[in-house]
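Me: I have a model open on my screen and would like to learn how to read it. Can you take me through it feature by feature?

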Amino acid sequence: MDALSTCTSQWKTISIRLGVPMDKIKEIERDSGRSAEDCWEKVLTLWLEQNYNTKKYSLPSWWSILKIIAKIDFKLFKGLAAEHRKTHK
């Protein structure tokens with residue numbers, strides 16, 4: 001969560017790309033009082049709990065979320081990928 005905190009403002013775009021159903025995204029937005037931070041946290045929780053179409057979209061993994069981050073913020077992606085490589089050698 002901390003590593004992805006800079007993505008908070010893009011929570012809805014990332015949610016769609018992660019495969020979170022639109023009705024869940026709307027429900028999260030409605031129930032969170034439009035707080036982007038709350039929405040982002042709830043989306044990540046849903047995703048980690050595999051509350052989406054896992055056959056169409058990949059299972060939760062660091063790599064699957066990094067691929068989406070790369071399309072939104074390539075500089076952030078490069079930093080996160082480098083950090084992940086360092087800690088998992």
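Predicted model: local features only at pLDDT ≥ 70, side-chain atom pairs only at ≥ 80, totals over all residues.

Me: How do I describe two packed helices?

Reply: Two packed helices are described by the angle between their axes and the distance between the axes. Helices here are DSSP runs (H or I, at least four residues), numbered from the N terminus. Axes are lines fitted to C-alpha atoms over the stretch in contact, with angles from 0 to 180 degrees between N-to-C directions. Take helix H1 (residues 11-18) and helix H3 (residues 36-48): their axes come within 10 Å and cross at roughly 15°. That makes H1 roughly parallel to H3 (angles under 35 degrees count as such).

Me: Which hand does the crossing of H1 and H3 have?

Reply: A crossing is left-handed if the near helix is turned anticlockwise from the far one by less than a right angle, and right-handed if clockwise. H1 passes H3 in a left-handed crossing. On the H1 side, the contact (heavy atoms within 4.5 Å) is made by Trp 11, Ile 14, Ser 15 and Leu 18, and on the H3 side by Ala 36, Cys 39, Trp 40, Val 43 and Trp 47. Sorted by class, that is 8 nonpolar, 1 polar and no charged residues. For the classes, Ala, Val, Leu, Ile, Met, Phe, Trp, Tyr, Cys and Pro count as nonpolar, Asp, Glu, Lys and Arg as charged, and the others, Gly among them, as polar.

Me: And how do H2 and H3 cross?

Reply: Their axes come within 9 Å and cross at roughly 145°, and the crossing is right-handed. Lys 24, Ile 28, Glu 29 and Asp 31 in H2 meet Cys 39, Lys 42, Val 43 and Leu 46 in H3. This contact divides into 4 nonpolar, no polar and 4 charged residues.

Me: Is Glu 29 buried or exposed?

Reply: Go by relative accessible area: buried is under 20%, exposed over 50%, partly exposed in between (1.4 Å probe, protein chains only). Glu 29, in helix H2 (residues 22-31), counts as buried because its relative accessibility is 19%. Its side chain is joined to that of Lys 12 by a polar contact of 3.1 Å. For that term, look for a pair of N or O atoms within 3.5 Å; within protein, one must be able to donate a hydrogen and the other to accept it, and residues adjacent in sequence count only if both atoms are side-chain atoms.

Me: What does Cys 39 touch?

Reply: Leaving aside neighbours within four places in sequence, Cys 39 is in contact with Trp 11, Ile 28, Glu 29 and Ser 32. Cys 39 is buried, at a relative accessible area of 1%.

Me: Where does the side chain of Ser 64 reach?

Reply: To the backbone oxygen of Ser 61, at 3.0 Å. Ser 64 is in helix H4 (residues 62-72) and is buried, with a relative accessible area of 7%.

Me: Which residue has a positive phi although it is not a glycine?

Reply: Gln 50, with a phi of about 60°. You'll find Gln 50 in the loop between H3 and H4, where it counts as partly exposed at 42% relative accessibility.

Conventions. Residues numbered from 1 in each chain as written. Heavy atoms only, no water. Helix = DSSP H or I, 4+ residues; strand = E, 2+ residues; numbered from the N terminus. Parallel < 35°, antiparallel > 145°, perpendicular 65-115°, else oblique.
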